[in-house]
Amino acid sequence: MTSPLSSAQAARSALATRLRHLRLDAGLAGHQLSLACGWHPAKTSRIENTRALPSDADIRAWCAACDADSQAEDLIAAARSATST
């Protein structure tokens, strides 16, 4: 049986992977995404390495920088699910 902690971590990891793939598909390096979002590069790294869960605004900015606005709401739902698991 999977523990709730394991489920939550798996959901956060899946979200981070999806965000990383959006960045890579857009042809952006981490520092380029950070610059486009107005963040310190450490924030992008923390999100991609599951050390920080992005806020709704973070996800919207990430998607806008990657020209993937249509995916923002689905990713936000995934992030909310990851915190309630």
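Analyst: A disulfide is a pair of cysteine sulfur atoms within 2.5 Å. The model under discussion is a predicted one.

User: How do you know that the sulfur of Cys 66 is too far from the closest cysteine sulfur for a bond?

Analyst: The closest cysteine sulfur to that of Cys 66 belongs to Cys 63, at 6.9 Å. A disulfide requires the two sulfur atoms to be within 2.5 Å, so the pair is too far apart for a bond. Seen from Cys 63, the closest cysteine sulfur is that of Cys 66, again at 6.9 Å. By this rule, the count of disulfides is zero.

User: What makes Cys 63 buried or exposed?

Analyst: Buried means under 20% relative accessible area. Cys 63 has a value of 0%, and therefore counts as buried. Cys 66, with 8%, is likewise buried.

User: Why is Asp 67 called exposed?

Analyst: The label exposed applies over 50%. The relative accessibility of Asp 67 is 70%, so this residue counts as exposed. Asp 67 lies in the loop between H4 and helix H5 (72–84). Its phi is positive, about 55°, although Asp 67 is not a glycine.

User: Where is Thr 50 found, and what is its phi?

Analyst: Thr 50 sits in the loop that separates helix H3 (41–48) from helix H4 (56–65). Although Thr 50 is not a glycine, its phi is positive, at about 60°.

Key:
Residues are numbered from 1 along each chain as its sequence is written. This is a predicted model: local features need pLDDT of at least 70, side-chain atom pairs count only at pLDDT 80 or more; totals for chains, interfaces and linings use all residues. Side-chain values use heavy atoms; hydrogens and water are left out. Buried means under 20% relative accessible area, exposed over 50%, partly exposed in between (1.4 Å probe, protein chains only). Helices (H or I, at least four residues) and strands (E, at least two) are DSSP runs, numbered from the N terminus.
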